[in-house]
Amino acid sequence: MSTSTTAWPEGVIARYLTVGSATADVIDDTAPWRGGVSHHLRAACTGELCDWRGRDREYWFEADENPNGNDSFCHTLERLQVIAQAHAEKCRAMPRPTADSSNVSR
Ligand SMILES: [Zn+2]
């Protein structure tokens, strides 16, 4: 693994470098819920003021269930990767420099 790249935010499972040097991310936000784990699949661009979003979907799985065995889940994931890559190829919004780390939301 290259050490020159910064660590990806939690939940990011695929990243596409945009024309403007931002990234279009495919994100899987997981959270425990009673009896299992929820997976919130979405895509977002990190370019400043770029409000591009992939259509998100949320899935709930039992604790012993493998998400990769769910066709709909896998299909949504593949679809998000395709549209994130397509967005990355044309987005020119640049990321805002993160000099002030206290300004990070969440
Ligand atoms: Zn963008």
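Modeller: A term first: buried means under 20% relative accessible area, exposed means over 50%, and partly exposed is in between, with a 1.4 Å probe and protein chains only. This is a predicted model, so local features need pLDDT of at least 70 and side-chain atom pairs count only at pLDDT 80 or more, while totals for chains, interfaces and linings use all residues. Residues are numbered from 1 along each chain as its sequence is written, and side-chain values use heavy atoms, with hydrogens and water left out.

Biologist: Let's start with the sheet, then. What is the order of the four strands in the open sheet?

Modeller: Strands here are DSSP runs of E with at least two residues, helices are runs of H or I with at least four, and both are numbered from the N terminus. Two strands pair if DSSP finds at least two bridges between them. The pairing is antiparallel, and the order reads β1-β2-β3-β4.

Biologist: Which are the edge strands?

Modeller: Look for strands that pair on one side only. That picks out β1 and β4, the latter at residues 57–62. As for the twist from one strand to the next, it averages 15 degrees, with axes taken as lines fitted to C-alpha atoms (for helices over the stretch in contact) and angles running from 0 to 180 degrees between N-to-C directions. So on the pairing criterion, the edges are β1 and β4.

Biologist: How many residues lie between β1 and β2 in their hairpin?

Modeller: β1 covers residues 12–17 and β2 covers 23–33, and five bridges hold them in an antiparallel pair, with Y16 opposite A24. In the turn, S21 has a positive phi of about 70 degrees. The number of residues between the two strands is five.

Biologist: And in the hairpin of β2 and β3, which turn residue has a positive phi?

Modeller: Here 10 bridges join β2 to β3 (residues 36–45), again antiparallel, and T30 faces H39 across them. Two residues sit between the strands. The one with a phi of about 95 degrees is G35.

Biologist: What is the bridge partner of H40 in β4?

Modeller: β3 and β4 run antiparallel, joined by six bridges. The β4 residue that partners H40 is E58.

Biologist: On to the metal. Why is the arrangement around the zinc ion called tetrahedral?

Modeller: Donors are N, O and S atoms within 2.8 Å of the metal (3.2 Å for Na, K and Ca), and water is not among the atoms, so sites may look incomplete. Here C45 (SG), C50 (SG), H87 (NE2) and C91 (SG) coordinate the ion at 2.1 to 2.3 Å. Four donors count as tetrahedral if all angles lie between 85 and 135 degrees; four are square planar and six octahedral if opposite donors are over 155 degrees apart and all others between 65 and 115, and anything else is irregular. The arrangement is tetrahedral because its donor angles are 104 to 117 degrees.

Biologist: How many salt bridges does the structure hold?

Modeller: Besides R15 with D25, R42 meets D29 at 2.8 Å, tying β3 to β2 across 13 residues of sequence. R96 meets E48 at 2.9 Å, linking the segment after α1 (71–88) to the loop between β3 and β4, 48 residues away. In that pair R96 is exposed at 55% and E48 is partly exposed at 32%. The number of salt bridges is three.

Note on methods. A salt bridge is a side-chain nitrogen of Lys or Arg within 4 Å of a carboxyl oxygen of Asp or Glu.
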